[in-house]
Amino acid sequence: MKNKVHKKLNELESTAICGNDISSSVLYVSALAIAYAGQYAWITLLIVSLVLFLFRRIYGEVVGALPLNGGAYNALLNTTSKFMASFAATLTILSYMATAVISANEAIHYLHHLVPAMPIILSTVALLGVFALLTIGGITESSKVAIGIFLFHLISLLILTGFIAFYLFQNGISIFFENWNFELAGGSIWIAIFLGFSASMLGVSGFESSANFVEEQQKGVFPKTLRNMWGIVSIINPLMALFALALFTIPVLRGDDYQNTLLVEMANLVGGNWVAILISIDAFLVLSGAVLTSFVGVSGLLERMTLDRIMPQFFLKKNKKGSSYRIIIMFFLLTVSVLMITQGEVSLLAGVYTISFLSVMALFGIGNILLKVKRESLPRPEKARWPAVFIAILGVLIALLGNILMNPKEGNPSNVNVFLSYFIPFMIFIIFMLNRTLVLKLLLKFIHYMFDPIRRGVYKMDRNILNFIDKINQQEFVFFTRGDNIAALNKVMLYITKNEHTRKIKIVHVVKPGHQVPENLAVEIDFLDREYPKIKLELIIEEGEFNPELIQELSKRWKIPVNFMFIGSPGDKFSYKVEELGGVRLVI
């Protein structure tokens with residue numbers, strides 16, 4: 001039977017999977033840029049496009065030289081240490097987690113406008129579950145859904161652009177010129193551009209995703225996905241910012257309603273309710289596509305980390321479709337837990353999303369530098385120039401600084417605080433996994449330190465008790481028998497077994513001078529010895545008169561106390577005298 005060939009993704013499929021994430025930024029990044037940069041928002045978005053253009057070659061060089069899943073993790077793993085690579089991986093996972101939760105929640109909010117009775121949190125969980133199942137079904141099947149969403153999104157934006165162009169043709173662009181002369185909130189064009197650029201850099205989230213599932217792509221597809229994503233962001237985002245500034249005044253654009261649903265408000269103005277509904281549906285779908293991007297990207301990254309023995313080998317199990325379903329289920333549970341912890345207030349995750357994503361891009365640039373220095377001999381289809389690498393990293397670091405310095409909304413914690421509250425537990429887990437043998441050895445030493453004294457004490461106590469039991473069992477009993485009555489002797493054995501702590505018994509028969517030893521006595525003692533293997537029987541024939549003096553003599557000879565002497569019959573004429581000697585017991 002032939003093995004089933006794993007089908008790899010073509011250009012459209014790969015672009016659709018990561019393109020849904022980066023193209024969904026048009027729903028929020030224009031409004032966000034206008035909030036900080038005002039009339040210069042479209043300029044900041046063009047600067048973002050320039051930075052992204054530089055990163056095309058950076059990503060192309062690294063992934064071309066090291067065509068493995070993992071993105072920044074893979075770049076640093078091959079140039080630095082596992083710890084640094086895991087640091088980048090942690091940031092990437094946090095970025096995907098925040099992207100999945102925020103995108104799913106925002107998608108449901110757009111749908112909620114159309115279906116007000118829909119429960120937000122429960123529907124968000126259901127949406128995350130749908131895309132988890134879709135990813136488990138296989139990346140090829142997932143790509144078909146991604147293509148449908150991607151094409152619908154581009155067509156929807158094309159329709160909206162047509163309506164906006166027609167509206168502006170009829171009504172003019174006077175509002176744009178009014179906005180152009182609007183007074184800047186910060187009083188400085190450079191501060192406005194700095195903050196606007198920092199906010200606008202969030203519009204390229206998803207650009208790193210293609211590198212995380214490069215092994216699933218056909219040869220030569222990866223650089224094309226970067227080109228396509230760059231083209232989408234460079235055209236759509238600045239264009240929508242220009243359109244927004246031509247349709248609404250800046251104070252209106254900075255309002256909460258317009259910040260959250262700018263494209264829907266634009267659609268409602270230029271095309272009426274049905275165009276607004278179209279954009280709402282498109283927003284729901286493309287944000288859902290960003291959720292799919294997160295599941296696909298994190299699956300490729302965690303599978304790579306598992307192969308490198310950072311994550312438990314438990315996650316390598318695959319289904320018939322070739323999907324690492326345990327990784328996907330774990331990520332789904334993580335996203336749901338984060339949604340529940342935030343109680344649906346996913347805007348709190350903006351700090352995690354912002355700092356993680358920008359840090360990953362900066363680390364990828366650093367990985368490119370280290371690759372040039374340490375792995376120069378590796379063949380690569382393209383190379384990023386040194387000035388371009390430094391400018392790109394500088395651009396990302398400026399954006400990262402800007403997002404750290406931005407004041408949060410009233411009542412919300414700072415971006416850094418939110419980021420650290422998620423990053424630190426993740427990093428502790430990764431450090432534990434990297435050093436789990438050392439940690440387990442330390443744990444073992446601690447257990448030994450705590451419990452070895454107890455164990456030694458228990459062992460000593462056990463040994464002493466056993467020795468004491470042996471000492472008790474070593475005590476010998478003496479039984480004086482008058483004859484060879486096996487029934488009477490058996491009663492003695494039963495009594496000893498049930499009531500006495502001994503394993504040695506002397507069976508003594510006193511023979512008067514001139515009398516014979518009972519002929520069956522030795523045979524019966526031998527028989528009882530076999531019947532009671534745990535008790536050692538010894539037959540002793542003693543010549544003389546059975547009297548207290550004999551008992552005393554034998555007690556001294558054998559060093560056995562008198563109270564361990566037993567007499568055979570209660571009718572014996574010496575019984576009362578023996579009792580007077582110290583309590584010799586009568587058994588029969």
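Predicted model: local features only at pLDDT ≥ 70, side-chain atom pairs only at ≥ 80, totals over all residues.
1. The volume of the largest pocket is about 1,600 Å³. Its lining is made of 49 residues, and those closest to the pocket's centre are Leu 32, Glu 106, Asn 260, Ser 347 and Lys 409.

2. Which helix gives the largest share of the lining of the largest pocket? That is H5, with 9 residues. Several helices each supply at least two residues of this lining, among them H2 (29-37), H13 (256-260), H14 (262-271) and H19 (415-434).

3. Let's stay with H14 for a moment. Because 7 of its 10 residues are buried, H14 is largely enclosed by the rest of the structure. You can find the buried ones by clicking on Leu 262, Leu 263, Val 264, Met 266, Ala 267, Val 270 and Gly 271.

4. Now turn to a pair of helices, H1 (residues 11-23) and H11 (residues 222-247). Their axes come within 9 Å and cross at roughly 40°, and the crossing of H1 with H11 is right-handed.

5. Who meets whom here? On the H1 side, the contact includes Glu 11, Ser 14, Cys 18 and Ile 22, while H11 brings residues including Lys 224, Arg 227, Met 229 and Ile 232. Sorted by class, this contact between H1 and H11 has 5 nonpolar, 6 polar and 3 charged residues.

Conventions. Residues numbered from 1 in each chain as written. Heavy atoms only, no water. Axes fitted to C-alpha atoms, helices over the stretch in contact; angles between N-to-C directions. Helix = DSSP H or I, 4+ residues; strand = E, 2+ residues; numbered from the N terminus. Left-handed = near helix turned anticlockwise from the far one by under 90°. Contact = heavy atoms within 4.5 Å. Nonpolar A, V, L, I, M, F, W, Y, C, P; charged D, E, K, R; others polar. 1 Å grid on protein atoms, 1.4 Å probe; cavity = no way out; pocket = protein on both sides within 12 Å on 5 of 7 lines; lining within 4 Å. Points joined across faces, edges and corners; volume = space filled by probe spheres on them. Buried < 20%, exposed > 50% of the residue type's maximum accessible area, 1.4 Å probe, protein only.
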